[in-house]
Amino acid sequence: MTEAITEAADRWSWPELHDGQRAVLREVVVHGSRSRADLARRTGFSRTSLSRLTRDLVELQFIVEGEIKPRSGRGRPSEMLDLRPESAHFAGVKLTGEALYAVVTDLHAVVVERVEHPLPASKAAADVVELIGRVVADFRTRHRRLASLGVCLAGDVEEMNGRAEVIDSPFLGWDRVPLQGMVEKVSGLPTVISNDVQALTVAHHWFGAGVGHSSLAVVSFGAGIGAGLVVRDELVWGARGHTGKVGHLLVSNGETAPVCDHGHRGCVSAWVTVPAVIANAGAADLEDALRRAEEGDPRAVAAVEGGARALGAAVAYLVDLIDPQKVIVTGEGLPMARLAEAAFHQGVEEHLDPSSELGLLDFWDFDFADYAWAASISAIRRVVQRETT
Ligand SMILES: [Zn+2]
């Protein structure tokens, strides 16, 4: 019987862990229960070092010594080390242009609570940050071991003097907002700010549809389109974290092709994004566009099939570039790709290098709370990854 997690009288905070402790904890967080022998093999620590590290983590209540499993063949029975998922909680927030989606996850990234609020009408950073502060304060009343917070949004995020700033978030109209410092001040929690698609990519790699694959492309499309890439089990970061920009690749150059906000005729964004599909179909919303396409309305059919083909083209470019084991396609626009799946595959075939191959493909059902879940995983990742990376 394991003793209950002890609550500190004062506000609990995540302890400072050194790289060795992080490495062992990360293995158990990401891969679940592990035997000591397995952990020693995967982390490269000696038995003595590993005993010390696991003892530290047991004392900190993050893991517990579990059942003894007999090992096949010779050798001593191996003791399992199990994660205590309830030992820490993480908050995740996704901001869209209209709403805030927030979740609380445990240390194994399981969502234990979720909420949704409309954004303040002003959409001003100060007002949105104040809302985040209220949501976190409310979470804290029920989750006393809230370790940290992740916030993600569409747009570019860069580090300036060690703090993350939102360089450009078109749907919020923000430019150069020092969001990390602002959110940490109101929430009192260490905060990770991420681009939403990059956060979602890490989330799928560690806990979602990408588990077990060392190379991965995640494409998400809705109000915009973006991609995240994993190569050799690491998120591809680039020089500034601005990877996966497939939105303005040219996919069709006919005179009748639609034009994007930046004036490109026939680029991916001019076809694929939800606003583009709606405009190209002359519809009221995405549902209306899809319904009209199903009924055979020629304009809606052209918009939906054109969108799905352009999405296929974007996927083909990514496959050609990194040769991933799996491609995950998700986002608010996913029903469009499902309805016109043949056109999507046609788009892939038309653009794929003859020697490339689309491996596993997963159309992942989308919910805005997925992004909040992903943001919380960015927060988990920050506390278990090596400090030097
Ligand atoms: Zn464009």
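Modeller: Before we start, one cut-off: a residue is buried when its relative accessible area is under 20%, exposed when that value is over 50%, and partly exposed in between. Keep in mind too that we're looking at a predicted model.

Biologist: Okay, let me try that out. Does Asp-156 count as buried or exposed?

Modeller: Asp-156 has 16% relative accessibility, so Asp-156 counts as buried.

Biologist: And what does the side chain of Asp-156 meet in a salt bridge?

Modeller: General idea first: side chains of opposite charge can pair when their charged atoms come close. Here, the side chain of Asp-156 meets that of Lys-245, at 2.8 Å from N to O. Those two come from distant parts of the chain, 89 residues apart: Asp-156 is in strand 8 (residues 156-160), and Lys-245 is in the loop between strand 14 and helix 7 (268-272). Lys-245 has 55% relative accessibility, so Lys-245 counts as exposed.

Biologist: How many salt bridges does the structure hold?

Modeller: The structure holds 21 salt bridges. One of them joins Arg-36 and Glu-65, whose closest N and O atoms are 2.6 Å apart. Arg-36 lies in helix 2 and Glu-65 in strand 2 (residues 63-69), so this pair ties together parts that are 29 residues apart in sequence.

Biologist: Which of the two is buried, then?

Modeller: Arg-36 is, with a relative accessible area of 14%. Glu-65 has 42% relative accessibility and so counts as partly exposed.

Biologist: What about Arg-176: which residue does Arg-176 form a salt bridge with?

Modeller: With Glu-165, and there the closest N and O atoms are 3.7 Å apart. The pair links distant parts of the chain, 11 residues apart, with Arg-176 in strand 10 (residues 174-177) and Glu-165 in strand 9 (residues 163-169). Try the cut-off again: Glu-165 counts as buried at 17% relative accessibility, while Arg-176 counts as partly exposed at 44%. Salt bridges can also form a network, and one such network links Asp-288, Arg-291, Arg-292 and Glu-295.

Biologist: Let's go back to helix 2. Which residues are buried in helix 2?

Modeller: Arg-36, Asp-38, Leu-39 and Ala-40 are buried there. Look just after helix 2 as well: Gly-44 takes a positive phi of about 80 degrees.

Biologist: Which residues line the largest cavity?

Modeller: Arg-36 turns up again, with Ala-37, Ala-40, Arg-47, Leu-50 and Ser-51. Helix 2 (36-43) and helix 3 (47-59) each supply at least two residues of that lining. Sorted by class, the lining has 3 nonpolar, 1 polar and 2 charged residues.

Biologist: On to strands. How many residues of strand 4 are buried?

Modeller: Strand 4 (residues 89-95) is mostly covered, with 7 of its 7 residues buried. To read a strand, check each face in turn.

Biologist: What pairs with strand 4 in the parallel sense?

Modeller: Strand 7 (residues 146-153) does, over 7 bridges, with Ala-91 standing opposite Leu-149. Strand 5 (residues 99-106) runs antiparallel to strand 4 and is joined to strand 4 by 7 bridges. Val-93 has Ala-102 as its bridge partner in strand 5, and a hairpin of 3 residues connects the two strands.

Biologist: In what order do the strands of the open sheet with mixed pairing come?

Modeller: The 5 strands go 14-13-12-15-16. Strand 14 (234-235) and strand 16 (360-363) are the edges, each pairing on one side only. Strand 16 pairs with strand 15 (residues 326-330) in the parallel sense over 4 bridges, and there Lys-326 has Leu-360 as its bridge partner.

Biologist: Last one: what domains is the protein divided into?

Modeller: Domain 1 (19-86), domain 2 (89-201 + 369-384) and domain 3 (212-363). The centres of domain 1 and domain 3, taken over C-alpha atoms, are separated by 42 Å.

Methods
Residues numbered from 1 in each chain as written. Predicted model: local features only at pLDDT ≥ 70, side-chain atom pairs only at ≥ 80, totals over all residues. Heavy atoms only, no water. 1 Å grid on protein atoms, 1.4 Å probe; cavity = no way out; pocket = protein on both sides within 12 Å on 5 of 7 lines; lining within 4 Å. Nonpolar A, V, L, I, M, F, W, Y, C, P; charged D, E, K, R; others polar. Buried < 20%, exposed > 50% of the residue type's maximum accessible area, 1.4 Å probe, protein only. Pairing = 2+ DSSP bridges. Domains from an automatic or database assignment. Salt bridge = Lys/Arg side-chain N within 4 Å of Asp/Glu carboxyl O.
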